[in-house]
Amino acid sequence: MNKLFYPAIFHKAEEGGFWVTFPDIPECMTQGDNMQHAYEMTVEALGLALISREEEKQEIPVPSEPDKISTGSGEFCVVVEFDMLAYKKRTGTKAVKKTLSIPEWLNEEAIALGVNFSQVLQEALIQKVGAK
């Protein structure tokens, strides 16, 4: 469930730009001065809403089919792509402490070389899980 695609309704604002809502996530709304800005803000708002739901152990809604979304005058549906893993990597700063065991000789050699154990483990795990 890393990449998600949610329909968003872009509403033309009277003063220019757009305001955006999500039929599947009613608490998620945003706006932008133009189409590009509105889309960028939409991706961020979607990310905040989904991460918040995940952290609060709430259900992540199944996206509606875009062709089932009805729009009115001055509105149109845009499918917004959201990459959960990329968002977490970009915004996640919480560190998790891990206890691990390695051979004593390896520990001594690494200390002598000034190896940063956390950095080495992070780099190895990133390579292992295929995250870039």
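Val120 lies in helix H4 (helices, H or I of at least four residues, and strands, E of at least two, are DSSP runs numbered from the N terminus). At 44% relative accessibility, Val120 is classed as partly exposed (buried is under 20% relative accessible area, exposed over 50%, partly exposed in between, with a 1.4 Å probe and protein chains only). The model is predicted: local features need pLDDT of at least 70, side-chain atom pairs count only at pLDDT 80 or more, and totals for chains, interfaces and linings use all residues. Residues are numbered from 1 along each chain as its sequence is written, and side-chain values use heavy atoms, with hydrogens and water left out.

Val120 belongs to a nonpolar surface patch that also includes Trp105, Leu113 and Phe117, with about 1000 Å² of accessible area together for the whole patch. Patch residues have over 30% relative accessible area and no salt bridge; like charges are joined within 9 Å, and nonpolar side chains (Val, Leu, Ile, Met, Phe, Trp, Tyr) within 5 Å. Accessible areas come from the Shrake-Rupley method with a 1.4 Å probe, and for residues only the protein chains shown count as cover. Helix H3 (104-113) and helix H4 (117-129) each contribute at least two residues to the patch.

An open antiparallel sheet is formed by four strands in the order E3-E2-E1-E4 (pairing requires at least two DSSP bridges between two strands). Strand E3 (29-32) and strand E4 (75-83) are the edges, each pairing on one side only. The twist from one strand to the next averages 30°. Strand E2 (residues 18-21) pairs with E3 over four bridges in the antiparallel sense, and Phe18 stands opposite Gly32 in E3. Helix H1 (residues 35-55) packs on the sheet and touches strand E1 (3-12), E2, E3 and E4, its direction making about 55° with that of E4. Contact means heavy atoms within 4.5 Å; axes are lines fitted to C-alpha atoms, for helices over the stretch in contact, and angles run from 0 to 180 degrees between N-to-C directions.

Two salt bridges are found in the whole structure (a side-chain nitrogen of Lys or Arg within 4 Å of a carboxyl oxygen of Asp or Glu). In one, the closest N and O atoms of Glu81 and Lys3 are 3.2 Å apart. Glu81 lies in strand E4 and Lys3 in strand E1, so this pair ties together parts 78 residues apart in sequence. Glu27 forms a salt bridge with Arg53, with closest N and O atoms 2.8 Å apart. Glu27 is in the loop between E2 and E3 and Arg53 in helix H1, 26 residues apart. Arg53 is buried at 14%, whereas Glu27 is partly exposed at 46%.
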